[in-house]
Amino acid sequence: VYPRVTDNNPYKYLGIELSDKVSKDKYINRVKKSIEKTLDAIMNKGLSTMNTIRQINSDVISKLRYGSSVVPWRLGDLDQLDKLIRKKLYEHKIYSKMLPSARLYIGKENLGLGLMSCRDEYTKELLREKRKNTGNVIQL
C-alpha cells in the first residue's frame with residue numbers, strides 16, 4: 001500500500017516537495033539557504049576574483065535553474081539573491097560600492113566581471129523552456 005500524497009505527507013521528487021500543490025515558498029526558502037551556504041563556502045576558499053565569479057556562475061546559478069520549470073520565482077526573490085551575491089562580494093573585497101553594479105554583469109570582453117544575474121538567468125531559462133515546448137518558436 002502506497003501512502004497518499006497530501007500537504008502533510010508530500011512526495012519529494014528531485015528535491016522538490018510535491019503534494020496537492022507544489023510548496024513554492026518552502027522550496028524557494030530552501031534554495032535561498034542553500035545558495036547562501038554555497039556563497040559562504042566559495043568566499044572562504046580564497047580564490048582569485050575571476051575564479052570566484054566563475055564558481056558563483058557555476059554553482060549558484062545552477063541551483064536557481066534546477067527547479068525553475070516547476071517552481072515559479074518572484075522577481076523580488078531573484079533581486080534578493082542578486083543583492084545577497086553583491087553583499088558577499090563586497091564583504092570579501094571583490095566588489096566595491098564605488099563600482100556600478102551593472103559592471104558586475106557585463107562580460108569580461110567589455111571590461112566587466114562577467115557575473116550572471118539571477119534575475120536574467122531565470123528569465124533565460126524560462127525562455128529556453130518555452131522554446132523547447134513550442135518547437136523553437138516563442139510566442140509572447
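Trainee: Why does Lys93 count as exposed?

Mentor: Lys93 has a relative accessibility of 74%, and exposed means over 50% (buried is under 20%, partly exposed in between, with a 1.4 Å probe and protein chains only). Lys93 is therefore exposed. Keep in mind that this is a predicted model, where local features need pLDDT of at least 70, side-chain atom pairs count only at pLDDT 80 or more, and totals for chains, interfaces and linings use all residues. Residues are numbered from 1 along each chain as its sequence is written, and side-chain values use heavy atoms, leaving out hydrogens and water.

Trainee: Where does Lys93 lie, and what is its phi?

Mentor: Lys93 sits in the loop between H3 and helix H4 (101-104). Its phi is near 60 degrees, a positive value in a residue other than glycine. Most residues other than glycine have a negative phi.

Trainee: Now the helices. What makes H1 and H2 roughly antiparallel?

Mentor: Helix H1 (residues 24-43) and helix H2 (residues 49-66) pack at about 165 degrees, with their axes 10 Å apart. Angles over 145 count as roughly antiparallel, and H1 and H2 are therefore roughly antiparallel to each other. The contact (heavy atoms within 4.5 Å) includes Tyr27, Val31 and Ile35 of H1 and Ile56, Asp59 and Lys63 of H2. By class, this contact has nine nonpolar, four polar and two charged residues.

Trainee: Why is H2 called roughly antiparallel to H3?

Mentor: H2 and helix H3 (residues 75-91) pack at an angle of about 155 degrees, with their axes 13 Å apart. That angle makes H2 roughly antiparallel to H3. Among the residues in contact are Ile53, Ile56, Val60 and Leu64 of H2, with Leu78, Leu81, Ile85 and Leu89 from H3. The residues of this contact divide into eight nonpolar, one polar and no charged.

Trainee: What is the pattern of the protein chain along the sequence, and how many helices and strands are there?

Mentor: The pattern is β-β-α-α-α-α-α, with five helices and two strands; these are DSSP runs (H or I, at least four residues, for helices; E, at least two, for strands). Of the 140 residues of the protein chain, 30% count as buried.

How values were computed:
Axes fitted to C-alpha atoms, helices over the stretch in contact; angles between N-to-C directions. Parallel < 35°, antiparallel > 145°, perpendicular 65-115°, else oblique. Nonpolar A, V, L, I, M, F, W, Y, C, P; charged D, E, K, R; others polar.
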